[in-house]
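Try each task before reading its solution.

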Amino acid sequence: MNTDRFGLIGRRALGAASACLLLLGAIPALAWPDSPSDEWQALVEAATAEGGVTVLANANLGDDFIAAFSADTGVPITLSVGEHGEGRARFYRETETGQATFDAFIGGRSSYELADKGLLTAIAPLLILPEVTDGANWRDGAMPWIDPAKTYLPMPIGYVSAFVLINKDVIDPASVRVWDDLLSPDLAGRIAMHDPTVPGGTGAGASVSLFLAEAKGQAYLETLYGTQFGETTADYRQLVDWVARGTYPVALGTRALDIERYRAEGVDNLAVLNMQDVPGYISGGTSIMAIPASAPNKAAAQVFANWFLSRSGQTAFARAARAPSFRTDVTGGDWPEYLNPEPGRVYINQYDQNWAETVEPALRTVLDDVLSK
Amino acid sequence: MRGILGWRSAFLVLLAVPALGPVGVILAQSFDTSGLGEPFRFGVGAWRAVLGAPETLSTFTTSLLLTVRVPAGLAIGFAIAWAVVRLRVPGHQVFEYLCWFAYFLPTVPMVSGWVLLMDRDFGLLNAAVAGLGLPAPFDIRSPGGIVWVHLSLQTVPLLTILMIPALRLLDRTPEDAALVAGARPARVLGRVVLPLVAPAILLAGLASWIKALEAFEVEQLLGERVASFVVSTRIYGMVSSEPPRMAEAMALSMIFLLLLLGLGLLYSRALRWRGQGAANRGEGSGGARPSYGTLLRRSVSVAVGLYLAITILLPFGMLVMGSFMKLFGFFALDQVWTTSNWSRVLGSASFGASLRATLTLGLATALPGALLFGLIAAGMARLRGPQAAAASVLVWLPWAFPGIILGVAILEVSLTFPGMRMLHGTIAPLILGLLIRDLPIGVHVMRNALAETDSTMADAARISGAGWLRTFLRISLPLQMPALTLVFLILFAGAIRDVGTILLVAPPGFQTLSLQTFNYISNSQFEMATVLGTIVALLALAVSVLAHLLGRRLGSVRSAVGTRA
């Protein structure tokens, strides 16, 4: 996931050399963006002179994402794994102590408090590409943010979560249409679930449980946990594996990434169902961008932020994350249909800071109460 | 006189910094109740939260229960060591080498091998048993499975390596006498051999027990079904929470450290006691090798060979096999096998960078580390009385630092100490962490080697007017080159396979093969992880061949290597 750059001297030398080459016109003009402004070109030159951008991000982003950014901007990029616990820990500790070794973080909904305390860079003023700031390019007429100030934490990806995965060789898909169908005695002890007690409470198991607590109430959740769940696991892939093998023919809290990986390799007994009564909630996955106030390469961070939210950046990211972008011009990508929000439907956005601070605490209390029984 | 005292005091202070520094940092952070981005605020909230949480007791209990592998490992390890040294069974050299190989194998990818064999749903061993119409007996993602993985890959091989030298040094006369008197082999083993090596066994058990309590990677990867499984994984969970619960993690770490430090001090004292005892017994003397029956030797050889093949070669084979599977563990596909995992890994931009990072870290740690530990050992040899005792304790204290806690402490030091901030974001904190972690074993190997070296040449050099440093560089160092090379290999192998210590402090863009493997497995990408794991295992194989060859030359120096069980 990382490129070969960690030496400070080598990095600066590389940046300076690249800047010189750019100035001399030795590097062919980049095809993106279509008609770059002088401000953008100056910013790219400054970013190159800084030596490039370092991004803490999802482990699933790979060479294609790196190549797309480099091809579009010419700015070197170091991608470091930041989705797992150690990445998050580093993000928090380095950001709060003002000693970031990275320029941008792409992860889950984790940064409200850092934003509130002024430890993050305001991203909104940094966005200078018209295709990013033009609301017409975004669903609902504007780019979504999860912070109330719509300044620090953009959420460019949004997909429907809380779908039900079944083994259609074992369970008739027609028998699971609404959430109450999961309470059928036929499914008692046959449903697997992502562990809602994963430290930090940020996994899919916790999110789905909070959603069900809000949509269906505590009694429903108690029945589900009391009689229907056979087992929980913190391993996302194991959930899909269990369903594919029929160990547990139904699972909640699975990831599309794992489901599609199994399907791509020839496993054809998996069916994904969006319940018809309450269709699920919107999740931003690991697409939330944050820039620490102490980011060492300010210009490079700004270039990355603009690119990441552009059509080109979102195309590369949506392909890697296999999830739909909120951009209207990023369509027909490599993500499954069941992740697309239905037009006209209203979904709860669990990433919204207002929801997280006003609704979620009460739901957490409900969940804790259910889990304690 | 004053100069010498000053030098000795400074030496002790230098030893105290890596030994006590992490403890001080962890203790201070455990009392920090400030919010995000706020300055230090003293409070006991974290301690109250940790001590009041029911999970604290349960995780400590689980951690202790999982150390059941230590007595089991001692029994099996002793049996193998006895077969290799005293019975000298056919294939004994291969068996000894296999233990070295296992010692250097990277644990994280080898877990994949065991998953393929003993997963409850798709494990091949379970499938074989199920084919006989019996219920699947194994579950690798259970406490029993975790114990088995540790036992097979670490505990038994390392305890065997540790006990082989002790058995080699054993006086053979009592054993011969018992055999000549007509005692059966089992009686000789139980009444003669075992009591004689009991101190060494107990010492190995204590060292192994400390390390067993600290284990992290296997529990983190296989214990996911039970969140907050053992103390080390609970600490990791706290650190990686959103936002991180650092103060609670530090309070829990402090409780854990107090327990481990107590055991570490006990171990240090036991080590010194045993050293004195060994000197008084005049080990190594004895007559001809005792003769055991051919049938016994062959039977034991088959048993040991089978055990090592099943516990080391089989999961290694599974690791390689897994790297060629389209979908790890899924045999019900039309096309099960592929080479695309290899082409994807080897063709990715990150592979070359990871390989370079791995070799860079290995060399940057092992080269200065071997010399540094040699110097520390030489310095300790000049200490006497209480200073020698204090130095011994200080050197052994890091033995009690779990890698994940050491990593957290190093991260905090590099973020909060003004002098260390400039090193943050470089590989210096990684090297520091790895050197602190391996300080006990490295210095111990060098001290043993120095103690066994004839001092005539060094004395002659000093009488001729050479200073201490010059004597060390021109006489002692060349004489200790085999031991230094062995320490280098131990440090190198430790650096390339480490995850826990460097997980939190590796700078962006610096990802060793082991870290990348850990990330792949954490992200359920077993196919990619097994490819990298195979490559790291082959690297380990090369290192183990070198170490084994050196180990054979070094004799008793090997005794110190096996203490990382």
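**Exercise 1.** In what order do the strands of the open sheet of three strands in chain A stand?

Solution. The model is predicted; local features need pLDDT of at least 70, side-chain atom pairs count only at pLDDT 80 or more, and totals for chains, interfaces and linings use all residues. Residues are numbered from 1 along each chain as its sequence is written, and chains are lettered from A and ligands numbered from 1 in the order written.

- The order is 4-10-12, with mixed pairing. Strands are DSSP runs of E, at least two residues, and helices are runs of H or I, at least four, numbered from the N terminus. Two strands pair if DSSP finds at least two bridges between them.
- Strand 4 (159–161) and strand 12 (348–349) of chain A each have a single partner strand, so one side of each lacks a neighbour in the sheet.
- Strand 10 (281–283) and strand 12 of chain A run parallel, joined by two bridges. Here A:I282 stands opposite A:N349.

**Exercise 2.** Find the edge strands of the open sheet of four strands in chain A.

Solution. 

- Read the order: 2-1-3-11, with mixed pairing.
- Strand 2 (77–81) and strand 11 (288–290) of chain A pair on one side only.
- Strand 1 (53–57) runs parallel to strand 2 of chain A, with five bridges. A:A57 stands opposite A:V81.

**Exercise 3.** Which helix of chain B gives the most to the side that touches chain A?

Solution. 

- Count contacts (C-beta atoms, placed from the backbone, within 7 Å): 45 residues of chain B meet 54 of chain A.
- Helix 16 of chain B gives the most, with five residues.

How values were computed:
Two residues are in contact if their C-beta atoms, placed from the backbone, lie within 7 Å.
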